[in-house]
Amino acid sequence: GDGVPSCAIHWEPSPEQAYKWKNKSPDVAKSLRIYEAHVGISGSEPKISSFNDFTDKVLFGVGLWAGRR
């Protein structure tokens, strides 16, 4: 760190103060969902990965893992 002490406050509200959910949780997806991908840091080599590297190596591997290919 930069030598600056951190400070945190733990708040555990009473049941009356706690947030009340207004909507139910979404249904679980029947297939794999990728919601975010960092293409440039997706490879295992010490370089900035290209989009082609990402689609050829990473997404292909995800497809194999998910039983897609």
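Rings of Phe, Tyr and Trp (its six-membered ring) form an aromatic pair if their centres lie within 6.5 Å; planes under 30 degrees apart count as stacked, over 60 as edge-to-face, and the rest as tilted. With that in hand, let us walk through this structure, which holds two such aromatic pairs. In one of them, the ring centres of Tyr19 and Trp21 are 5.1 Å apart and the planes stand at 85°, so this pair is edge-to-face. The pair formed by Phe51 and Phe54 is tilted, with 6.3 Å from centre to centre and 40° between the planes.

A word on what you are looking at: this is a predicted model, in which local features need pLDDT of at least 70 and side-chain atom pairs count only at pLDDT 80 or more, while totals for chains, interfaces and linings use all residues. Residues are numbered from 1 along each chain as its sequence is written, and side-chain values use heavy atoms, with hydrogens and water left out.

Now the overall picture. The protein chain has one helix and zero strands; helices (H or I, at least four residues) and strands (E, at least two) are DSSP runs, numbered from the N terminus. Of the 69 residues in the protein chain, 6% are buried, where buried means under 20% relative accessible area, exposed over 50%, and partly exposed in between (1.4 Å probe, protein chains only). The chain exposes about 6,900 Å², and carbon and sulfur atoms supply 58% of that area; accessible areas come from the Shrake-Rupley method with a 1.4 Å probe, and for residues only the protein chains shown count as cover.

Back to the aromatic residues, now with their surroundings in mind. Tyr19 counts as exposed at 52% relative accessibility, and Trp21 counts as exposed at 73%. Phe51 and Phe54 both lie in helix α1, three residues apart, or about one turn of the helix. Phe51 counts as exposed at 53% relative accessibility, whereas Phe54 counts as buried at 9%.

Ser49 is buried, with a relative accessible area of 8%. Leaving aside residues up to four places away in sequence, Ser49 touches Val39, Gly40, Ser42 and Gly43, a contact being heavy atoms within 4.5 Å.

The charged side chains come next. The whole structure has three salt bridges, each a side-chain nitrogen of Lys or Arg within 4 Å of a carboxyl oxygen of Asp or Glu. Asp27 and Lys24 meet at 3.4 Å, N to O, and both Asp27 and Lys24 are exposed. Glu45 and Lys57 form a salt bridge at 3.9 Å, N to O. This pair links distant parts of the chain, with Glu45 in the segment before α1 and Lys57 in helix α1, 12 residues apart. Glu45 counts as partly exposed at 36% relative accessibility. Asp53 and Lys47 meet at 3.1 Å, N to O; Asp53 is buried, with a relative accessible area of 17%, while Lys47 counts as partly exposed at 46%.

Leu32, Ile34 and Leu59 make a nonpolar patch of about 230 Å². Patches are made of residues with over 30% relative accessible area and no salt bridge, with like charges joined within 9 Å and nonpolar side chains (Val, Leu, Ile, Met, Phe, Trp, Tyr) within 5 Å. Leu32 lies in the segment before α1 and is partly exposed, with a relative accessible area of 36%.
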